[in-house]
Amino acid sequence: MTVFIIRRLMQALLVLFVTSLIVFLGVYAIGNPIDILVPDDATEMERQQAIHSLGLDRPLPVQYGTFLLHALHGDLGTSFVFNQPSISLILDRLPATLELAFVALFLAIVIGMPLGIIAGLKPGSRFDEGVMTTSILGFSLPNFWQGMMLIMIFSVWLGWLPSTGRGQMGSFLGIHSSLFTLDGLAHLILPAINLSLFKISLIIRLTRTGVRETMLLDFVKFARARGVPETRIVVVHVLKNILIPIVTVVGMEFGSIIAFAVVTETIFAWPGVGKLLIDAVMRLDRPVVVAYILVVVAMFITINFVVDLIYSLLDPRIRLGGAK
Amino acid sequence: MNKVSRTSRSKLLAFGASLMLGVSTLATAPAWAAGLVIGSSTEPSAVDPLFSRTGNNQNLAMQVFDRLVVQDENLQLHPGIAKSWETTGPMTWLVHLRDDVTFHDGNKLTADDIIYSLDRAKNVPNSPAPFTGNVAAIDSMKALDPYTIEFTTKAPTPDFIEQIGLVYMLEKKVAEGASIEDYNSGKAAVGTGPYKFKEWVPGDHVTLVRNDAYWDKKAAYDTVTIKFISNDAARVAALLSGSVQLIDAVSPVDVTKLSGTAGIKVHSTSSTRIIYMALDSSRDTSPFITDLDGKPLTPNPLKNAKVRLALSKLINRDGIVDRILSGAGQTAGQLVPEGIGGYVPDLKAESYDVDGAKKLLADAGYPKGFGITIHSSNDRFPGDGEVAQAIGQMFARGGLKVNGVVTQPYNVYASAAGKQEFSAFIFSLGNTTPTAITGLRNLLMTKNKEAGTGGFNRVQYSNPVFDNLMQDVLTEFDTNTRMTAVQNATRTVMQDTPFLPLYWQKVYWASKDDVTYIANKSEDTSAYFASPAK
């Protein structure tokens, strides 16, 4: 276990270093942020002053070296646009995105898994076909269009739910979140549904396939022969067996929801990190782009690690560790 | 590059918006909170008014802070907290302040605050767009009494007030030693403006409340909430659903439909933002100019003024405005539109004249044309990629061999354009000053770092006669003589067709019926211009 963790940590550091180098060079190659940041009526002097104060007049290796040195002290640079530490910009907005991602994933699991199990138990039934057809819509309709439709129906037409922003925030056990006020919840519903529709479909399909395969296996027959009740077979034995692929996918999807919720965040004007990233890319705000991607990479590394741990809990045959 | 996805995305946007508009008549009656809620497409990057001179920051700053002068919707200047000013010599100015201006914390504004703010303007740490140019002319400042300041300038500076007048004024006592976080949290965001700053939740909204002690006309709303909604269709939806009462940057596609929607008003003006085509006219060879076989062509035909005029005549500007922009533009024949100082009434947009153009090309020695590639951004302003496509077709119709039309995202495009990597490329230039002088200086004067001219002269155009005329402009004190001099300089330089003006963008706001908005040429979205409809 210790060896496993140490090896993982070493790998993580290497990945982070390589990522920082690639992203740093990549953003540098796109263009010069100064062309985007200075206003149209800036004088040449103002331009030169800005180039100097943002450190863009230094050679690239020096810029990267300074970045690395500061990064080792936990400082991932200061945003060109906001003049604030890029890491604090990201951490300020991360809670909004996390909240959205958790609710979306929760919806995906509590809606997707039961539907998938029932569909898998009765393949070919009307229910199965209905669920499967609907889930195709979840896959194929563009996320953007779904969002517009949700706004159109529930905000413009019915006028039930607000369409923009995060709403009022409440505080519970020291956590600030829009989950704790009615107004906040109302603001959360549409974006969370928008973000979860694709994931619901994905989980339905994964669960259904898993259930269908597993129901035919010998251990299910033996369980039946021993007189184990059908409900127990499904909920305890089958479910345990199909969970591994689902946990893998849920883990990866959770990462991707956080990292790439940008479409939903843009449509619903949700103040999360996705929008921050897109704006940063458009304005070549390199410190924010680099810091964001490093945070996301670190997050994926952590999620993968947690998923590995969960595997070993679900299936004792899977062992962690370096010792062969 | 990237053209297909851009086009399909904008279609999708238009489709989404039109679907929503289709059902808008069924919208339920909204219930407002007291005050005004604005849906803004852009967000400031900081609350410190001197941190960045870009439009998104100015929007917020102009509501909370004051300047020496007030700028109206046509960019013209009127006395603000400076009630008058005069020159006492070629390099000395006396500025008289109002004595009834108080900061939001109750303290009086005095000459010390003004001197402090003007001094700080050039020393804002890490500012990407400082006000340095506005205060560069100042040699020394002295308070003669609490409400009179004497300035000496480094050189005779006729437009001195236009320069320092646009700097926002801070309270010295509060602002000294304040960090950018102090402004963002509101601690140091103490101005004298019509609204007081309450809070900024990044990515979400800004809240302002009325300043009841304002020295000028009191603000129209008790509270103002500015929500940041960057997506065009989502902003329209927010207006229709009643969660905001005023939105900005309405796209031309939505304008047509919103104008026909009951309960919605559209406000528009032609802005001072000019969309133009720059021509690589100074070099002997240009990277994207070829002969008819596709080989590099020397000498570069764009060096010839006849060829540049011919290209201008090949562009059907009316067609571009009508067909591509749904009318959201005003065809242009010079840098600034009517209403801005230095506008020349008789310089009309070049008319569409294919035969005339062909004749000019033949005279210049290119009867069969030459090869050209057009470049443009595709995400900078509405229709940029499409306009480039259309001009490509127009050039082809005029007998040029169009080798391609390439559009790129602005962040890639802007840098490349600045490095002279293109031959004929489309760009925009906004103007926030009351006259054409800044624009002419930055776009058309010979590039000279020391003199600070030609900052956006990306093609290194150089016209000594025009440069001399502009020197006269920059040193003339009498306003009328100065404006005539600007007009002369403009006439002279436009005869040479140094660039191809296409159109001035129209800008649109839309509001619920109960809000009146003064459409302004500075493209500012601010409660300053909004009031309840009578």
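**A kinked helix and a shared interface**

In this predicted model, H5(A) has a kink of about 35 degrees at A:Leu94, shortly before the proline A:Pro95. The bend at a residue is the angle between axes fitted to the seven residues ending there and the seven starting there. Helices here are DSSP runs (H or I, at least four residues), as are strands (E, at least two), numbered from the N terminus. Helix H5 of chain A covers residues 86–121; at 1.5 Å a residue its 36 residues should span 52 Å, and the end C-alpha atoms are 50 Å apart, which agrees. The expected span is 1.5 Å times one less than the number of residues.

Now turn to the place where the chains meet. Chain B brings 64 residues to the contact and chain A 50 residues, with contact meaning heavy atoms within 4.5 Å. Together they bury about 4800 Å², 57% of it on carbon and sulfur atoms; this is the accessible area (1.4 Å probe) lost on being put together, summed over both.

What salt bridge does the rule find across this interface? B:Arg53 pairs with A:Glu46, their closest N and O atoms being 2.7 Å apart; the rule asks for a side-chain nitrogen of Lys or Arg within 4 Å of a carboxyl oxygen of Asp or Glu. Among the elements giving two or more residues to chain B's side are helix H1 (3–22) and strand E10 (223–228). H8(B) gives the most, with 6 residues.

Residues are numbered from 1 along each chain as its sequence is written, and chains are lettered from A and ligands numbered from 1 in the order written. Local features need pLDDT of at least 70 and side-chain atom pairs pLDDT 80 or more, while totals for chains, interfaces and linings use all residues; side-chain values use heavy atoms, leaving out hydrogens and water.

Definitions and conventions:
Buried area is the accessible area (1.4 Å probe) that two parts lose on being put together, summed over both.
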